[in-house]
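The sequence and the model are shown first.

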Amino acid sequence: MALRQQKSLDLSTYTIPRHVAIIMDGNGRWARKRGLPRVAGHRAGAENLRRIINACVEFGVDILTIYAFSTENWGRPEAEIRGLMRIFARVLDQELDDLHQQGVCLHHLGDLTGIAPNLQEKVRRALQLTKDNKKLILNVAFNYGGRAEILHAVRQMLADNISPDDLTEALFSYYLFTRDLPDPDIVIRTSGELRISNFLIWQAAYSEYYPTPALWPDFGREELFEAIVAFNQRERRFGLVPEESQ
Ligand code: IPE
Ligand code: IPE
Ligand code: MG
C-alpha cells in the first residue's frame, strides 16, 4: 500500500525481468461490477494494454507476452467472440502507427489461419511493418493454446524429418511460436485465478508465477511495478539448493 503513495516508481536497484508474460483476465467481471456488457470489459482491457506497453518500455522490459484469445475461448457466445475480433481489429488499426513509432516489434503466437482473412491480413501487415523494431518485443498470443502449440511443433519436426537422436529441449523450443526468444521470467495472472489456462505450458516451466486480484482493466503501471518488486523477492532455484543457484 505504501508503494502506491510513491510519486516516482524507481526500479534502478531492482532486477528487471527480461520477459514478462501476462494472462489478461477479468474483463468480464470488471464489466459486470459496473452493470456493463462483457464486451465493454474487453474494450477497457484493450485500452489498458497501452498503459502496460508504456510501462514495460519505461521499466526496461525487453519482451512482453500477452494472452489475448485462447483456443478454448472459441467456445464463448458468438456475440462476445465477434466483439473481441472487432476490438482486436480496431486496436491494430488505431495503435499500429504509435506502436511502430515507439519501437515495438510485434510477434504473433498461435494459429493465424484460424481467424478471419481480413484480420489475418491486418496482423501480417503489422508484423511486417514492425519486424525490425528493437525497443520492445510484444508477443500477442491470439488463437493460442499451449497444447496446440506443442502439437504444431511436433508436426513441423516430423515434416522436417528431425531424428529422435537430434531432438533436444533447445531444438524443441525453437519449433515453438516463441522460437529463439528466452522463456518468460514472470507470468502475471490478473483477476485472482490460480491456473495457467493452457498458456506457455512449455516455456513457463520455470517462470515465477504472480497471481494478483486486480482485474485486467485495473492492472496499471503501479501494479506492474509491484509485480517486479515481488519478482525481486523471489529466490529462483531451478531445482538446485540455495547456495548453488546464487
Ligand atoms: C479475459 O477476460 C479476456 C479473454 C479471455 C478474452 P475474461 O473475459 O475471461 O473475463 P472474466 O474472467 O470472465 O472476468
Ligand atoms: C485465459 O483466460 C485466456 C485469456 C486471458 C485470453 P480465460 O478466462 O479464458 O481462462 P479460464 O476459463 O478462466 O481458465
Ligand atoms: Mg476469464
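The sections below take the helix pairs in turn and then the individual residues.

## Basis

The structure described here is a predicted model.

## Helix α4 against helix α5

Helix α4 covers residues 78-102 and helix α5 covers residues 117-130. Their axes are 10 Å apart, and the two helices pack at an angle of about 20 degrees. Because angles under 35 degrees count as roughly parallel, α4 is roughly parallel to α5. The crossing of this pair is left-handed.

On the α4 side, the contact is formed by M85, F88, A89, L92, D93, L96 and H100. These meet L119, K122, V123, A126, L129 and T130 of α5. By class, the residues of the contact of α4 with α5 are 9 nonpolar, 2 polar and 2 charged.

## Helix α3 against helix α4

Helix α4 also packs with helix α3, which spans residues 38-59. The axes of α3 and α4 come within 10 Å and cross at roughly 25 degrees. That angle makes α3 roughly parallel to α4. The crossing of α3 and α4 is right-handed.

From α3, the residues taking part are R38, V39, H42, R43, A46, R50, I53, N54 and V57. From α4, they are E80, G83, L84, I87, R90, V91, E95, D98, L99 and Q102. The contact of α3 with α4 has 8 nonpolar, 4 polar and 7 charged residues.

## Helix α3 against helix α8

Helix α3 has a further contact, with helix α8 (residues 221-233). Here the axes come within 9 Å and cross at roughly 45 degrees. The result is that α3 is oblique to α8. This crossing is right-handed.

I52, A55, C56, E58 and F59 of α3 make the contact with R221, L224, F225 and I228 of α8. The residues of the contact of α3 with α8 divide into 7 nonpolar and 2 charged, with no polar residue.

R29 is located in helix α2, residues 27-33. With a relative accessible area of 25%, R29 is partly exposed. The side chain of R29 has a polar contact of 3.5 Å with the side chain of D25. Beyond its neighbours within four places in sequence, R29 is in contact with S191, E193 and L215. K131, by comparison, is 102 residues from R29 in sequence, and the C-alpha atoms of the two are 35 Å apart in space.

S191, one of the contacts of R29, belongs to the loop between β5 and β6. S191 counts as buried, at 8% relative accessibility. Its phi is near 80 degrees, a positive value in a residue other than glycine.

## Q203

Q203 is also placed in the loop between β5 (186-189) and β6 (208-211). Is Q203 buried or exposed? Q203 has a relative accessible area of 3% and is therefore buried.

The side chain of Q203 forms a polar contact of 3.1 Å with the side chain of E149. Leaving out residues up to four places away in sequence, Q203 touches Y144, E149, L176, T178, D183 and P184.

H152 is part of helix α6, which runs over residues 146-159. At a relative accessible area of 30%, H152 is partly exposed. Apart from residues up to four places away in sequence, H152 touches Y175 and F177. G110 lies 42 residues from H152 along the chain, and their C-alpha atoms are separated by 9.4 Å.

N161 lies in the loop between α6 and α7 (169-174). N161 counts as exposed, with 67% relative accessibility. Phi of N161 is near 55 degrees, a positive value in a residue other than glycine.

The α4 and α5 pair is roughly parallel, and so is the pair of α3 and α4. Helix α3 is oblique to α8. The crossing of α4 and α5 is left-handed, the crossing of α3 and α4 is right-handed, and the crossing of α3 and α8 is right-handed.

How values were computed
Residues are numbered from 1 along each chain as its sequence is written. Chains are lettered from A and ligands numbered from 1 in the order in which they are written. This is a predicted model: local features need pLDDT of at least 70, side-chain atom pairs count only at pLDDT 80 or more; totals for chains, interfaces and linings use all residues. Side-chain values use heavy atoms; hydrogens and water are left out. Axes are lines fitted to C-alpha atoms, for helices over the stretch in contact, and angles run from 0 to 180 degrees between N-to-C directions. Helices (H or I, at least four residues) and strands (E, at least two) are DSSP runs, numbered from the N terminus. Angles under 35 degrees count as roughly parallel, over 145 as roughly antiparallel, 65 to 115 as roughly perpendicular and the rest as oblique. A crossing is left-handed if the near helix is turned anticlockwise from the far one by less than a right angle, and right-handed if clockwise. Contact means heavy atoms within 4.5 Å. Ala, Val, Leu, Ile, Met, Phe, Trp, Tyr, Cys and Pro count as nonpolar, Asp, Glu, Lys and Arg as charged, and the others, Gly among them, as polar. Buried means under 20% relative accessible area, exposed over 50%, partly exposed in between (1.4 Å probe, protein chains only). A polar contact is a pair of N or O atoms within 3.5 Å; within protein, one must be able to donate a hydrogen and the other to accept it, and residues adjacent in sequence count only if both atoms are side-chain atoms.
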